[in-house]
Amino acid sequence: MELGAKQDEQVLDIRNLRIELQTSRRTAVNVLEDVSLQIRKGEIVGVVGESGCGKSILSLSVLGLLPPAMRISGGELWYKDKLPLHAYDNRRLQRVRGKEISMVFQDPMSSLNHGLTVGYQVTESLRLHLGCSKSEARERAIMLFRKVGLPRPEKLLHEYPYQLSGGMRQRVMIAIAISCNPGLLIADEPTTALDVTIQAQILDLMRRIREDDGTAILLISHDLGMIADMCDRIIVMYAGKVVEHGTASEIFDHPRHPYTIGLLNSIPTPAKKGNRLYSIPGTVPALHERGAGCRFASRCEYAADRCRQEQPPLIQVGKQHTAACFLLEEVNANAVV
């Protein structure tokens, strides 16, 4: 759904990002390859794709939280055109995390410390990044709990994560994430394992954060319905590469890459009731199975010899719409970098 015009200030600019996994002392394989995306202030950008496509690795790279065996081997990550995240060491990134860029992880059970009260975990960030006194941090924590819709906020400060429901834990995570008014909020599958009612409440909360504070949001999910409802623009990833990018209306109304078309065909709708749901044949190739050609070739009904030998460039198919497929060259589209 289009959510209105956004301010022009660019918050995140990822340019040709490449991430590799060291498999042994002498060999490495690319996990992400030439991934680019931009997010402006007050914009929600969705990243979709099956498990193993690189969505979560992309988000972790922004915060410098890659697993030890992975590293950024090429490209750049810029925050507001002034912070070169790709060049920062861990100590400098620690100053950015939570203050400039925050993240809501998909599993609050493992993300929150169950040995500390939720009040302590919220106030810790406020005191560390904003220099609040103990009493100031407490009052701000209560305000944040109210903002995210948590009941009895004064008493909640003294409770532990294991005492809360899944929906309440996720709200606590969001309260921590927005405590310092970050310019960018990364949400990685933020509604996983929550019931439908709580999911709707969490998504509504994220909309209000965007509208009230102008926060840019990078929303990562495999739930295409949620992405359609929330996002201004969408990035479709497959096996570590961007295969299609466009506004939400372009992606859902005029998908151009065979993978995107397959994903959309697999969405259950009332019109498909009683029919067998479509499923893309095959599986996402493992890292060692990625060949020189199009990553989707082994599952694509249109694949030709060229597709198995060369990687297609992103092709301009609309004003803000690109897709990586050789079939699009046949309609006289112009290749873009």
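Here are a few friendly notes on a sheet and some helices in this predicted model.

1. Local features need pLDDT of at least 70 and side-chain atom pairs count only at pLDDT 80 or more, while totals for chains, interfaces and linings use all residues. Residues are numbered from 1 along each chain as its sequence is written, and side-chain values use heavy atoms, with hydrogens and water left out.

2. Start with the open sheet: its four strands come in the order β2-β1-β4-β5, with antiparallel pairing. Strands here are DSSP runs of E, at least two residues, and helices are runs of H or I, at least four residues, numbered from the N terminus. Two strands pair if DSSP finds at least two bridges between them. At the edges are β2 (28-40) and β5 (83-84), each pairing on one side only.

3. Next, look at β1 (residues 10-22), which is joined to β2 by nine bridges in the antiparallel sense. Within this region, I14 stands opposite L37 in β2.

4. Now find helices α7 (residues 166-178) and α8 (residues 196-213), which pack at an angle of about 15° with axes 10 Å apart. Axes are lines fitted to C-alpha atoms, for helices over the stretch in contact, and angles run from 0 to 180 degrees between N-to-C directions. That angle makes α7 roughly parallel to α8 (angles under 35 degrees count as such).

5. Which residues of α7 and α8 make the contact? From α7 come G167, Q170, R171, I174 and I178, and from α8 come I198, Q201, I202, L205 and I209. Contact means heavy atoms within 4.5 Å.

Notes
Angles under 35 degrees count as roughly parallel, over 145 as roughly antiparallel, 65 to 115 as roughly perpendicular and the rest as oblique.
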